[in-house]
Amino acid sequence: MPEEKKKREAVISVRNLSKIFNGRTVLKDINLDVYKGERLIIIGGSGCGKSTLLRCLINVHQADSGSLKFFGTELVGLKDEKKMDEIRKRFGILFQNGALYNSLTVGENVALLIREHTNIAESVIDIMVKVKLELVGLRDFHNLMPSQLSGGMQKRVALARAIALDPEVLFYDEPTSGLDPIMTAVIDKLIVELNEKMNMTSVVITHDMNSAYRTAHRIIMLYKGEVIAAGTPDEIKNSKDKFVQQFIQGLADGPIPLRVSSKDFYEDLLEGVRKNEIR
Ligand SMILES: Nc1ncnc2c1ncn2[C@@H]1O[C@H](COP(=O)(O)OP(=O)(O)OP(=O)(O)O)[C@@H](O)[C@H]1O
Ligand SMILES: [Mg+2]
């Protein structure tokens, strides 16, 4: 665990945050603090709102209500692009799909944000890129195109790009999905190393409970857009909540329904019959 003193300083504070898409509440009354230096892992089934929460945290989506403070600045309703740009420099993101530019080399991908956000000389950018690629073990690959790399290597390049500007907070959206167990362990180790060596606060979304236990100081679980559990890995493992146990043990049977629908199945079918009768 990070030192108690560090733990108390919240870099992100979320209060009663809600997000609605097309009349459907996707995030409901989220309350969450992310503390400086911690590795917070967000778990939850597909579609429960993990990526949406992350996009709200970085202000790609504006929340519909509630409050979200990032380094003390309120992001809900923030229109000041200059202020947002300043905040953007303080965090990095590893997107769910990696999102590398296929027409740029590995090195150019990593250099992109540095070129966009700073006036640093090319010779220095070159060094910065090499340092970041070395951190993820891919310094020799800077001239290759993303399509010439394996999925795991692409994730590591995306990680090098996410840390290009030495962010204080690093967000990862499913950094190990689709990777083999060894590559998953490599990425998990990098998550821990970057957090410890570079003092980064880390927020990681994952489905993979092995990864979550390996990397987490603290875990929160989302279910249908709400935080239903929060605690240390041990507290989550020993949770009495049936939803949490079904998810962390990967059980087919339990309270989490297989299908998600707002309408009753038979009502849905009958609606079609009724429509045809009217015609
Ligand atoms: N831009 C959008 N417009 C409308 N609905 C959206 C949008 N983005 C997400 N949603 C809906 O919000 C819900 C949560 O999606 P989200 O991508 O946050 O889930 P997730 O927990 O990240 O799932 P996964 O584990 O599959 O990545 C889904 O029902 C999705 O259809
Ligand atoms: Mg997602």
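Mentor: In this predicted model, two residues are in contact if their C-beta atoms, placed from the backbone, lie within 7 Å.

Trainee: Which helices are included in what covers the buried residues of H4?

Mentor: Helix H4 spans residues 106-117, and its buried residues are Val106, Gly107, Asn109, Val110 and Ala111. The cover over these residues includes two helices, H5 (122-135) and H6 (151-162).

Trainee: Which helix gives the most to the shell around ligand 1?

Mentor: The residues around ligand 1 include Phe21, Asn22 and Val26, as well as Lys50, Ser51 and Thr52. By class, this shell holds three nonpolar, seven polar and one charged residues. The top contribution, three residues, comes from helix H2 (residues 50-57).

Trainee: What angle does the direction of H2 make with that of E2?

Mentor: The open sheet has four strands in the order E2-E1-E4-E5, with antiparallel pairing. Strands E2 (24-35) and E5 (73-74) each have a single partner, so one side of each is left without a neighbour in the sheet. Helix H2 packs on this sheet, touching strands E1 (10-21), E2 and E4, and the angle between the directions of H2 and E2 is about 60°.

Trainee: Which residue in E5 is the bridge partner of phenylalanine 70?

Mentor: Strand E4 (residues 65-70) and E5 run antiparallel and are joined by two bridges. Phenylalanine 70 has as its bridge partner in E5 threonine 73.

Trainee: Is phenylalanine 71 buried or partly exposed?

Mentor: Phenylalanine 71 lies in the loop between E4 and E5, and has a positive phi of about 50° although it is not a glycine. A buried residue needs 20 or more other C-beta atoms within 10 Å, and an exposed one has 12 or fewer. Phenylalanine 71 has 16 such atoms within 10 Å, so it is partly exposed.

Trainee: Does glutamate 174 count as buried or exposed, and what is its number of C-beta neighbours inside 10 Å?

Mentor: Glutamate 174 is found in the loop between strand E7 (169-173) and helix H7 (181-197). Its phi is near 50°, a positive value in a residue other than glycine. Glutamate 174 counts as buried because its C-beta neighbours inside 10 Å number 20.

Trainee: Which residues does methionine 221 touch, not counting those up to four places away in sequence?

Mentor: The largest nonpolar core has 67 residues, and Met221 is one of those that touch the most other members, together with Ile42, Ala160, Leu170 and Phe171. With residues up to four places away in sequence left out, methionine 221 touches Ile43, Gly44, Ile228, Ala229, Val244 and Phe247.

Conventions. Residues numbered from 1 in each chain as written. Chains lettered and ligands numbered in written order. Predicted model: local features only at pLDDT ≥ 70, side-chain atom pairs only at ≥ 80, totals over all residues. Near = placed C-beta within 6 Å. Nonpolar A, V, L, I, M, F, W, Y, C, P; charged D, E, K, R; others polar. Core = buried A, V, L, I, M, F, W, Y, C linked by C-beta atoms within 7 Å. Pairing = 2+ DSSP bridges. Axes fitted to C-alpha atoms, helices over the stretch in contact; angles between N-to-C directions.
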